[in-house]
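User: I am new to this structure and would like to learn how to read its features one by one. Could we go through them together?

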Amino acid sequence: MGLYKKLRKYITGKRMVWPPAFREDYTLDEINFRDPYIVKDGKGGYVMTGTVYHYNYNDSNMCLLYKSKDLLTWSGPYKIVDGNKLAKKHYDFWAPEIHVIDGRYFLAITLHPEGEKRGTYLFESDTLDGEYSMVCRLTPEDKNSLDGTLVCEGEEVWCTYCHEYIDVGDGHIRSVKLKSDYSGIEEDTDRLLFKASSNTYECVRSRKKVTDGPFYFKKDGQLYLLWSTELRRGKYALLLAKSSDGTVYGQFAQEGVLFDGDGGHAMVFEDYDGVLKVVMHCPNARTVFTHQFERPLILPFSSLELKK
């Protein structure tokens with residue numbers, strides 16, 4: 001990041017309490033999260049994690065979690081990854097996702113190890129809200145990549161991730177298969193799903209073709225993939241792609257835009273009443289002039305209108 005951009009972020013950024021103070025009664029409007037991710041705890045409650053930072057996107061050294069019984073009031077934060085305990089210096093701590101696979105608790109999170117390329121890493125814990133320990137890197141070491149998400153296809157586990165536009169110009173969304181023992185990724189499984197420019201609703205920004213936040217979900221027997229980008233008019237948007245055959249192996253066709261109100265990097269979950277909901281961050285950037293900052297926004301999925 002250039003000096004001008006760094007200064008601009010420091011000057012216009014809304015300074016956050018660091019680290020956030022523990023409370024039992026946070027509302028979503030008070031939680032500074034990008035890339036929110038919500039999981040049911042199996043006990044009638046929910047946990048939410050996301051990207052937290054002080055001034056700049058890469059100045060965090062932790063991953064935090066909040067807990068709720070009703071999706072309205074949240075307690076926390078609880079620290080589930082402490083960067084100070086890692087073997088070497090890491091930056092970013094972006095887009096954490098918690099996945100429960102075969103009774104094991106996995107955390108996929110984007111890190112930038114000092115002297116290496118940015119990528120998504122796999123962590124594991126014995127409990128949903130416990131401290132997570134690093135297992136392996138999930139994305140190719142020769143690519144600057146981010147926002148890895150896990151998806152199961154039969155007995156296989158795949159990591160779908162974003163190959164950054166800073167490497168390829170037109171950002172990619174790609175997939176790699178994990179080894180059966182979760183010790184890394186299988187060679188020769190890296191495949192391109194689509195590029196940022198495949199969006200047909202509105203052209204992405206000409207100089208910044210971003211791909212962010214892939215997430216799979218099923219609805220009416222179909223497999224969909226959420227992702228986000230910046231449209232030409234500068235607004236962050238949530239887009240939808242659909243698998244041609246209902247599997248992660250299929251070709252993904254662009255369906256259109258679900259939300260273009262400067263929010264995105266979303267995931268879908270079902271609440272305890274069986275209602276399908278989406279959570280995203282909105283707005284996409286904090287600013288001192290409007291006194292706004294990124295916060296989780298939860299909506300019924302049915303309230304989103306697909307624009308083609």
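User: Does Tyr 216 count as buried or exposed?

Analyst: Please keep in mind that this is a predicted model. A residue is called buried when its relative accessible area is under 20%, and Tyr 216, at 8% relative accessibility, therefore counts as buried.

User: Which ring pairs with that of Tyr 216, and at what angle are the planes?

Analyst: Two ring planes over 60 degrees apart count as edge-to-face. The ring of Tyr 216 pairs with that of Phe 252, their centres being 6.0 Å apart and their planes at 65 degrees, so this pair is edge-to-face. Because Tyr 216 belongs to strand β14 and Phe 252 to strand β17 (residues 252-259), the pair ties together parts that are 36 residues apart in sequence. Phe 252 is buried too, with a relative accessible area of 9%.

User: How many aromatic pairs are found in the whole structure?

Analyst: The search finds 12 aromatic pairs. One of them joins Tyr 26 and Tyr 66, whose ring centres are 5.5 Å apart and whose planes stand at 85 degrees, so that pair is edge-to-face. This pair links distant parts of the chain, with Tyr 26 in strand β1 (residues 23-27) and Tyr 66 in strand β4, 40 residues apart. Tyr 26 is buried at a relative accessible area of 7%, and Tyr 66 is buried at 3%. Ring pairs also bring Phe 33 into a cluster with Tyr 26 and Tyr 66.

User: What does the side chain of Ser 68 lie 2.8 Å from?

Analyst: A polar atom of the Ser 68 side chain lies 2.8 Å from the backbone oxygen of Thr 73. Ser 68 is part of strand β4 (residues 62-68) and is buried, with a relative accessible area of 5%. Apart from neighbours within four places in sequence, Ser 68 is in contact with Gly 45, Tyr 46, Thr 73 and Trp 74.

User: How many cavities of 30 Å³ or more does the structure hold?

Analyst: The structure holds 1 such cavity, and the largest cavity contains about 40 Å³ of space. Its lining includes Asp 35, Tyr 37, Phe 215 and Met 267, and divides into 8 nonpolar, 2 polar and 2 charged residues.

Definitions and conventions:
Residues numbered from 1 in each chain as written. Predicted model: local features only at pLDDT ≥ 70, side-chain atom pairs only at ≥ 80, totals over all residues. Heavy atoms only, no water. 1 Å grid on protein atoms, 1.4 Å probe; cavity = no way out; pocket = protein on both sides within 12 Å on 5 of 7 lines; lining within 4 Å. Points joined across faces, edges and corners; volume = space filled by probe spheres on them. Nonpolar A, V, L, I, M, F, W, Y, C, P; charged D, E, K, R; others polar. Helix = DSSP H or I, 4+ residues; strand = E, 2+ residues; numbered from the N terminus. Buried < 20%, exposed > 50% of the residue type's maximum accessible area, 1.4 Å probe, protein only. Polar contact = N/O pair within 3.5 Å; in protein donor to acceptor, adjacent residues only side chain to side chain. Contact = heavy atoms within 4.5 Å. Phe/Tyr/Trp six-rings, centres within 6.5 Å; stacked < 30°, edge-to-face > 60°.
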